[in-house]
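Colleague: I have the sequence and the model open side by side. Please take me through what can be said about it.

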Amino acid sequence: QAGVKLASTRSWAYFDHMANPESLAAAVMGAAGLYHKRKVVITLEEVELHKDLEKDNPLDFLNTGEPPAEVAVEVAVRYDVKNPTNKPVLVSEQRVAHRSAELFVMKEKATVKPGLVLFSGPVFDTQTTVSLQATLLEVDWYPRFKVAEWLLDPHQLLLAVKQDLPLKDKTYTFKSVNARAVIKVAVHQMVAP
């Protein structure tokens with residue numbers, strides 16, 4: 001978009017480095033970036049934490065770990081585009097198990113605005129949606145961020161989102177018993193220099 005400064009695109013894949021050039025995800029993202037004129041940015045704008053799923057007192061045997069909550073965000077993005085497998089293509093994936101999921105810390109009954117980019121990437125001109133799967137987890141074991149509260153129960157689910165998002169500028173609110181999240185979709189028309 002003219003006059004709008006955008007960060008570079010970033011997608012995550014989990015396979016051997018040498019396999020990347022032959023992956024379907026790389027081919028899809030490359031084709032979208034080279035031959036099409038839009039970019040989507042999906043951002044976690046706000047999180048309100050109703051329950052931190054941390055130990056409330058010495059007799060709380062349901063939860064482990066000490067407040068505040070360490071919240072990790074797992075993300076998977078798929079494009080439903082024509083391809084040899086006839087299945088939506090996983091173009092980006094961040095997982096705690098892969099040590100690629102981002103993390104922030106927050107207190108129970110609080111609201112934070114992490115502004116965390118869940119996905120940014122080129123999309124095809126004819127593409128109308130992206131499939132987003134986002135999971136907010138309270139983690140008790142995540143060595144990447146030096147979280148080592150409880151190895152035997154490494155994380156608990158705070159909120160899960162699985163939805164096809166239209167490629168239009170819009171903000172969505174998702175809720176669970178434990179949390180509320182606001183996710184923003186912004187679509188930018190790219191112009192040639």
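Colleague: Which residues of helix 1 are buried?

Modeller: In helix 1 the buried residues are A25, V28, M29 and A32, where buried stands for under 20% relative accessible area, exposed for over 50% and partly exposed for anything in between, with a 1.4 Å probe and protein chains only. They lie on the same side of helix 1, because they cover an arc of only 90° around the axis, the arc being that of the directions from the helix axis to the C-beta atoms. Before going on, please keep in mind that this is a predicted model, in which local features need pLDDT of at least 70 and side-chain atom pairs count only at pLDDT 80 or more, while totals for chains, interfaces and linings use all residues. Residues are numbered from 1 along each chain as its sequence is written, and side-chain values use heavy atoms, with hydrogens and water left out.

Colleague: Why do residues a few places apart point the same way in an α-helix?

Modeller: An α-helix has 3.6 residues a turn, so residues three or four places apart point the same way.

Colleague: And which exposed residues sit on the face turned away from the buried side of helix 1?

Modeller: That face of helix 1 carries L34 and Y35, which are exposed. As for the buried residues of helix 1, what covers them includes strand 2 (69–79), strand 3 (89–94) and strand 6.

Colleague: How many residues does helix 1 have, and what span does it reach?

Modeller: Helix 1 runs over residues 24–35, which gives it 12 residues, and from its first C-alpha to its last it reaches 16 Å, close to the 16 Å expected at 1.5 Å a residue; the expected span is 1.5 Å times one less than the number of residues.

Colleague: Strand 2 came up already; which strands run antiparallel to it?

Modeller: Strand 2 runs antiparallel to strand 4 (residues 102–106), with 5 bridges, to strand 7 (residues 129–139), with 8 bridges, and to strand 3, with 5 bridges; strands pair if DSSP finds at least two bridges between them. If you want places to look, V73 has E102 in strand 4 as its bridge partner, A72 stands opposite L137 in strand 7, and Y79 is partnered by V89 in strand 3. Strand 2 is mostly covered, with 10 of its 11 residues buried.

Colleague: Changing topic, how many salt bridges are there?

Modeller: The count is 6 salt bridges, a salt bridge being a side-chain nitrogen of Lys or Arg within 4 Å of a carboxyl oxygen of Asp or Glu. E46, E48, K113 and R180 are linked in a network of them.

Colleague: Which partners does E46 meet in that way?

Modeller: One is K113, at 2.6 Å from N to O. This pair links distant parts of the chain, since E46 is in strand 1 (residues 38–49) and K113 in the loop between strand 5 (111–112) and strand 6 (116–123), 67 residues apart. The side chain of R180 also meets E46 in a salt bridge, again at 2.6 Å from N to O. R180 lies in strand 12 (residues 179–189) and E46 in strand 1, so this pair ties together parts that are 134 residues apart in sequence.

Colleague: Are K113 and R180 buried or exposed?

Modeller: K113 counts as exposed, because its relative accessibility is 63%, whereas R180 counts as buried at 16%. E46 counts as buried too, at 16% relative accessibility.

Colleague: Where is R95, and what is it in contact with?

Modeller: R95 is in the loop between strand 3 and strand 4. Leaving aside neighbours within four places in sequence, R95 is in contact, meaning heavy atoms within 4.5 Å, with E74, A76, S100, A101 and Y142. R95 also forms a salt bridge with E93, the closest N and O atoms being 3.1 Å apart.

Colleague: Last one: what is the mean pLDDT of the chain?

Modeller: The mean pLDDT, the predictor's confidence in each residue from 0 to 100, is 87 for the protein chain, and 87% of its residues reach 70 or more.

Note on methods: Helices (H or I, at least four residues) and strands (E, at least two) are DSSP runs, numbered from the N terminus.
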